[in-house]
Every structure is written in structure tokens, then in C-alpha cells.
Amino acid sequence: MDVAVLVSGRGSNLKAICSAIDAGTCAANIVGVVSDRKKAAALGFADERGIPTRLVSLRKGDDRSLWNEDLAKTVASLNPDLIVLAGFMRVLGSPLLERFPGRIINVHPALLPSFPGHSGPQDALDGGVRITGCTVHIVDAGVDTGPIIAQAAVPVLDGDSADSLHARIQVQEHRLLPAVIHQIAVGAITLDPLTVGTPVTDPARSLTVPDV
Ligand code: GRF
């Protein structure tokens, strides 16, 4: 399964996908990494690994609809079967969503539908929850609102800061995201474009999500 990975930042999830591919536990081939930020460290990692990279930057004052078109064309030119948002910090517009209905997934650092948006770990701390985690879900036009595919739980510990909590959540992200990509690749999870990506789990195949 050919996968395009969209990134804005460090790229630890991109690295985790690559490690799982190398280990033979994720049956995917990364056809390109696309970023909206030139300085994203993830781009440097992709370059080093020989993965094609594309930059579609969006600066203050830029026309957002042109950017959405450009992003859709750039991603489509890679001809992916699946698009993975791995720390891509922009809400997608209709050009990309309509071109790849139900074929875009995202990883989020909270147990959705709780704590969507940019500050999942801090919002979990502020909310006083004792358990949070991460979610892999199908992307729709909302902010972290699409159908949930898989989740992993992470306890909130006394004295946690947003950073320490996020670091423990990321340990689980790095297991869950490659596992879900693999499950999609082998057909254990079907993303049905007719229902705009409602995830269907095949009960005849084992759905293995990481232990917490
Ligand atoms: C992850 O925590 C992910 O859940 C969120 O952005 C972060 C990206 O981290 N959407 P990285 O760039 O993969 O290290």
C-alpha cells in the first residue's frame, strides 16, 4: 500500500512508521512526505532516508483556497492509496478531502471526542481526567471529528506536565499508528469511501492494537 505522509513538525510518528516498515510489521511503502513548513524536521529525516519530499507552505496572508488546491494536486501527484497526517497541523480543505474520500487518517494526542484541537495533552490536564491517550481516526472537514479507528489509553500521573504527558502519549502513538496502517494495508480494516470512510473491522481477521 502506497502511503503519503503529511507533516508539520518533528516527525517522530513518521520515524515510527519507517521503523515498523523496516521491521516488517507495517506493510506500507512511503511514496512521499509533504509538509506545510519548510523547517519541519520531518522533512530532513525523509530526505536522509531518500523519501521524496514536497513543500506546500502557507504563510500569513496567502490565499487559503489556492493552498488547498495546491496541496491536493501535490499529494495526488504521489498517487497514494492512503494519506496519513502525522503531526500535520492544518485543517484540510475540500480539494484534498474530495479527491481521497475516506482515505485520509490522522493521529491525535487525546481520546477523541475529548480534547480535540492543538493542545490535547494540556486540555486533558486542565480537564482533570486520570486517563487520556491517543486516537487514530479518519479525517473529515472538522477538527479531529472523523470516525474513530483505534485508540490507546495513557494514565495521567501526579505531577505530569503537558510535555511529560505528551511524551508518554507519543510512545503509544508510535505503536498505534503503524499498527493501524498495517491493518488497513492487509484489509483487516476497510475504509469505505461510499460512507466517507466509516471504518469497518473484519471480524475474521485479528485486530491487534498495542497493549497499554
Ligand atoms: C503528535 O502528538 C500527533 O498526535 C499530533 O501532533 C504530534 C506530532 O508529533 N497530531 P510528531 O511530529 O510525529 O513527533
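Ser 12, Asn 13, Ala 16, Ile 17 and Ala 20 of helix 1 are in contact with Gln 170, Glu 173, His 174, Leu 177, Pro 178 and Ile 181 of helix 6. By class, this contact of helix 1 with helix 6 is made up of six nonpolar, four polar and one charged residues. The model is a predicted one.

Two packed helices are described by the distance between their axes and the angle between them. Helix 1 spans residues 12-23 and helix 6 spans residues 162-185; their axes come within 9 Å and cross at roughly 50 degrees. Angles under 35 degrees count as roughly parallel and those from 65 to 115 as roughly perpendicular, and helix 1 and helix 6 are therefore oblique to each other. The crossing of helix 1 and helix 6 is right-handed.

The count of aromatic pairs comes to one. Trp 67 and Phe 88 form this pair, with 6.3 Å from centre to centre and 5 degrees between the planes, and the pair is stacked. Trp 67 belongs to helix 3 (residues 64-77), while Phe 88 sits in the loop between strand 4 (82-85) and helix 4 (94-99), so the pair ties together parts 21 residues apart in sequence. Trp 67 counts as buried at 3% relative accessibility, and Phe 88 is buried with a relative accessible area of 5%.

The loop between helix 3 and strand 4 holds Asp 81 and also Asn 79. Asp 81 is 80 residues from Met 1 in sequence, yet their C-alpha atoms are 6.1 Å apart in space. With neighbours within four places in sequence left aside, Asp 81 is in contact with Met 1, Asp 2 and Arg 103. Asp 81 is partly exposed, at a relative accessible area of 38%.

Asn 79 has a positive phi although it is not a glycine, and Asp 144 is another residue other than glycine with a positive phi.

Pro 113 is placed in the loop between strand 5 (104-108) and helix 5 (120-127).

Terms used
Residues numbered from 1 in each chain as written. Predicted model: local features only at pLDDT ≥ 70, side-chain atom pairs only at ≥ 80, totals over all residues. Heavy atoms only, no water. Axes fitted to C-alpha atoms, helices over the stretch in contact; angles between N-to-C directions. Helix = DSSP H or I, 4+ residues; strand = E, 2+ residues; numbered from the N terminus. Parallel < 35°, antiparallel > 145°, perpendicular 65-115°, else oblique. Left-handed = near helix turned anticlockwise from the far one by under 90°. Contact = heavy atoms within 4.5 Å. Nonpolar A, V, L, I, M, F, W, Y, C, P; charged D, E, K, R; others polar. Phe/Tyr/Trp six-rings, centres within 6.5 Å; stacked < 30°, edge-to-face > 60°. Buried < 20%, exposed > 50% of the residue type's maximum accessible area, 1.4 Å probe, protein only.
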